[in-house]
Amino acid sequence: MALHSAIKGKLISVIGDEDTCVGFLLGGVGEINKNRHPNFMVVDKNTAVSEIEDCFKRFLKRDDIDIILINQTYAELIRHIIDAHTSPVPAVLEIPSKDHPYDASKDSILRRARGMFNPEDLVR
């Protein structure tokens with residue numbers, strides 16, 4: 001199945017809590033590649049930060065992934081790695097979780113985007 005999807009297009013990967021991952025998996029995001037590696041990681045209170053870092057780095061290296069969705073809570077734990085990723089693909093999008101609302105001031109992509117545009121240019 002993963003090979004078929006890779007031919008048709010690229011994948012979305014998810015690093016998040018159980019509710020976030022289950023929601024995306026029910027939406028059809030879940031895939032396992034030919035090496036039997038999934039495109040998602042369920043993080044819980046017992047997950048070490050090093051495991052999140054390793055998973056994120058694996059997703060960055062995979063050529064079948066174009067978007068990485070990560071709960072902002074876990075993105076904060078590996079902020080140094082996310083900030084070091086400057087390539088547009090895979091795009092890293094921080095998303096809220098059920099227990100932690102989205103905080104735009106912490107989103108590194110949004111901070112970069114704000115630096116690219118002058119707010120006065122957007123006013124008509």
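K98 and D19 form a salt bridge, with the closest N and O atoms 2.8 Å apart. The term here means a side-chain nitrogen of Lys or Arg within 4 Å of a carboxyl oxygen of Asp or Glu. This pair links distant parts of the chain, 79 residues apart: K98 is in the loop between β4 (91-95) and α6 (108-116), and D19 is in helix α2. Helices and strands are DSSP runs numbered from the N terminus, where a helix is H or I with at least four residues and a strand is E with at least two.

On accessibility, K98 counts as exposed at 64%, while D19 counts as partly exposed at 43%. The cut-offs on relative accessible area are under 20% for buried and over 50% for exposed, with partly exposed in between, using a 1.4 Å probe and protein chains only.

A word on where this comes from. The model is predicted, so local features need pLDDT of at least 70 and side-chain atom pairs count only at pLDDT 80 or more, whereas totals for chains, interfaces and linings use all residues. Residues are numbered from 1 along each chain as its sequence is written, and side-chain values use heavy atoms, with hydrogens and water left out.

Back to the charges. By the rule I gave, the count of salt bridges comes to four. Which residues are linked in a network of salt bridges? They are E76, R79 and E94. R79 meets E76 at 2.6 Å, N to O, and R79 also pairs with E94, where the closest N and O atoms are 2.5 Å apart. The E94 pair links distant parts of the chain, with E94 in strand β4 and R79 in helix α5, 15 residues apart.

E76 counts as partly exposed, at 34%.

E76 has one further contact in space to mention. K106 and E76 are 30 residues apart in sequence, and their C-alpha atoms are 7.8 Å apart. K106 sits in the loop between β4 and α6 and counts as partly exposed at 36% relative accessibility.

E18, D44, E51 and D54 form a negative surface patch. Patches are made of residues with over 30% relative accessible area and no salt bridge; like charges are joined within 9 Å, and nonpolar side chains (Val, Leu, Ile, Met, Phe, Trp, Tyr) within 5 Å. Asp and Glu count as negative, Lys and Arg as positive, and His and the chain ends are not counted. The place of a charge is taken as NZ of Lys, CZ of Arg, CG of Asp or CD of Glu. The areas come from the Shrake-Rupley method with a 1.4 Å probe, and for residues only the protein chains shown count as cover.

Now the overall layout. The protein chain has six helices and four strands, in the order α-β-α-β-α-β-α-α-β-α along the sequence. Of its 124 residues, 35% are buried.

The largest nonpolar core has 17 residues, and those touching the most other members are I15, I52, F56, I70, I78 and I82. A nonpolar core is a set of buried Ala, Val, Leu, Ile, Met, Phe, Trp, Tyr and Cys residues joined through side-chain atoms within 4.5 Å. Which element gives the most to this core? It is α3, with four residues. At least two residues each come from β1 (11-16), α3 (49-61), β3 (65-71), α4 (72-77) and α5 (79-84).

A few backbone points to finish. The peptide bond from V89 to P90 is cis, with omega near 0 degrees, and P90 is in the loop between α5 and β4. The C-alpha atoms of P88 and D66 are separated by 9.0 Å, at 22 residues apart along the chain. D66 is in strand β3 and is partly exposed, with a relative accessible area of 28%.

Which residue other than glycine has a positive phi near 70 degrees? That is R36. R36 is in the loop between α2 and β2 (40-42), and R36 is exposed, at 63% relative accessible area.
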